[in-house]
Amino acid sequence: MKRMAIFASGNGSNFEALVNAYRDGKLQAEPVLCVTDKPGAGVVERSTRLGVPLLLLTPSHFASKREFELYILRYLEEYDVDFICLAGYMRLVGPTLLEAFPRSIINIHPSLLPAYKGRDAIRQAFDAGEKTFGVTVHFVDENLDSGEIIAQDSFTFDGDDFDALEAKVHQVEHKLFPEAINKVIKEL
Ligand code: GRF
C-alpha cells in the first residue's frame, strides 16, 4: 500500500474525503500525514478528529522556502511517504520538494484547467457567466495550477446560487480525487 501525505491550508473537506475513501476501501493509498501551514485552518480539527498525524508549520518562522521545505522533507522521510496530495494547499511548491518527489505531487483544482487558474477559481468562472463547471486533478510542476492533467469531471450549472454551485464543485472533488489517485497509483 502506498503512503501519502496530504497538504492543506483551509477547510480540509478534501482531506477528510481522502481519509474516508481510504477507510472505506475506495482509495489504494494510506493518508499517513497531514501537513498544514495555517494553524487556524479547519483541516487541523479534521486531522485531530480523524487521528491522522498533523505537521503544523508557520512558514514565516523559516529563513527561506528552501528551509521550510527541507523541514517538511524530514517528516515525509520519517513517515515513509511515497507521494503528496495537495488539497487546498495555498503555496507554490518549490524545487526542494519537487526534486524529492518527481512526478509524485498531485493537486486538485476547482476548474476545468487550463481555464481559471489561481485563487477563487469557482468565483472566477461564475462571474464570467460560465454554465459548465468542473474539477481537475493534475501533477504539480513549478508553475501555478499547471502540470499534466490526470483527470477532469464537469457538470452544467445554470443557477444564480453561488453557494449551491460551490457545494456541487466540492461534491465532485470528493469523488474525483480518490479516483484520480487510484488511476495513477502504480506510477507513484
Ligand atoms: C478545493 O476547492 C480545491 O480544489 C482547491 O482548494 C479547495 C480546498 O477545499 N485547491 P477544502 O479545504 O478541501 O474543503
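A few ground rules apply: residues are numbered from 1 along each chain as its sequence is written, and side-chain values use heavy atoms, with hydrogens and water left out. Since the model is predicted, local features need pLDDT of at least 70 and side-chain atom pairs count only at pLDDT 80 or more, while totals for chains, interfaces and linings use all residues.

**The ligand and its shell**

The residues around the ligand are Gly-10, Asn-11, Gly-12, Ser-13, Asn-14, Gly-88, Ile-108, His-109, Pro-110, His-170 and Glu-173 (a heavy atom within 4 Å counts as near). By class, that shell holds two nonpolar, eight polar and one charged residues; here Ala, Val, Leu, Ile, Met, Phe, Trp, Tyr, Cys and Pro count as nonpolar, Asp, Glu, Lys and Arg as charged, and the others, Gly among them, as polar.

| Residue (backbone atom) | Ligand atom | Distance |
|---|---|---|
| Gly-12 | oxygen | 2.7 Å |
| Asn-14 | oxygen | 2.8 Å |
| Ile-108 | nitrogen | 2.9 Å |

Taken alone, the ligand exposes 360 Å², and the protein buries 86% of that (Shrake-Rupley, 1.4 Å probe). The elements giving two or more residues to the shell are α1 (13–23), β5 (105–109) and α6 (162–184); these are DSSP runs numbered from the N terminus, with helices (H or I) of at least four residues and strands (E) of at least two.

**The pocket**

The ligand takes up the space of the largest pocket (more than half of its atoms lie within 2 Å of the grid points). A pocket is an open set of points on a 1 Å grid over the protein atoms alone, where a 1.4 Å probe fits, with protein on both sides within 12 Å along at least five of seven lines; lining residues have an atom within 4 Å of a point.

About 850 Å³ of space lies in this pocket, and 35 residues line it, with Gly-88, Tyr-89, Met-90, Ile-108 and Pro-110 nearest its centre. Two or more lining residues come from each of α1, β5, α5 (121–127) and α6, and α6 gives the largest share, four residues. The lining splits into 13 nonpolar, 14 polar and eight charged.

Most residues other than glycine have a negative phi, and most peptide bonds are trans. Yet the bond from Leu-113 to Pro-114 is cis, with omega near 15°, and Tyr-116 has a positive phi of about 55°. Pro-114 is in the loop between β5 and α5, and Tyr-116 is found in the loop between β5 and α5 too.

Terms used. Polar contact = N/O pair within 3.5 Å; in protein donor to acceptor, adjacent residues only side chain to side chain. Points joined across faces, edges and corners; volume = space filled by probe spheres on them.
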